Amino acid sequence: QRLKGTAVVARRVHGDLTQLSQVVEQVRNMPYAFSLRALLRLLYRTNTQFAEHFWCSDFIARVLVAIGCLRWDHAAFNAQPTDFSSTAMSNQLHYTCTVEPDR
């Protein structure tokens with residue numbers, strides 16, 4: 001229902017998974033709080049570091065940085081869901097590990 005019958009696209013990454021459990025625990029323990037300022041900073045891509053906000057893409061970017069698959073930079077701090085696709089044009093993420101094509 002939520003995806004309206006569209007296909008789900010995924011990419012396999014090959015990072016150092018030894019830190020995965022620890023970073024997932026850190027992300028899970030972050031307090032959830034809606035912030036209009038955080039939303040606007042993300043939409044206009046003006047974050048200069050990771051911010052705590054409600055977009056799932058921020059948490060995914062944090063995990064990818066922690067396992068060594070994504071560069072710690074402006075693109076990662078401002079990642080939006082469509083940026084993780086291999087066809088993303090507006091905010092190119094800088095992967096630092098082997099990343100397979102979209103499936």
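Reader: How do the residues of the lining of the largest pocket divide into nonpolar, polar and charged?

Author: Rolling a probe the size of a water molecule over the atoms shows where empty space is left. On a 1 Å grid over the protein atoms alone, a pocket is an open set of points where a 1.4 Å probe fits, with protein on both sides within 12 Å along at least five of seven lines, and lining residues have an atom within 4 Å of a point. Here the lining divides into 11 nonpolar, 3 polar and 2 charged residues, where Ala, Val, Leu, Ile, Met, Phe, Trp, Tyr, Cys and Pro count as nonpolar, Asp, Glu, Lys and Arg as charged, and the others, Gly among them, as polar. This is a predicted model, in which local features need pLDDT of at least 70 and side-chain atom pairs pLDDT 80 or more, while totals for chains, interfaces and linings use all residues. Residues are numbered from 1 along each chain as its sequence is written, and side-chain values use heavy atoms, without hydrogens and water.

Reader: Which residues lie nearest the centre of the largest pocket, and which helix gives the largest share of its lining?

Author: Of the 16 lining residues, Val9, Arg11, Ile60, Pro81 and Phe84 lie nearest the centre, and helix H3 (residues 56-66) gives the largest share, 5 residues; helices are DSSP runs (H or I, at least four residues) numbered from the N terminus.

Reader: Why does Glu25 count as partly exposed?

Author: Glu25, in helix H1 (residues 20-28), counts as partly exposed because its relative accessibility is 35%, between the limits for buried (under 20%) and exposed (over 50%), with a 1.4 Å probe and protein chains only. Leu43, in helix H2 (residues 36-43), is likewise partly exposed, at 43%.

Terms used
Helix = DSSP H or I, 4+ residues; strand = E, 2+ residues; numbered from the N terminus.
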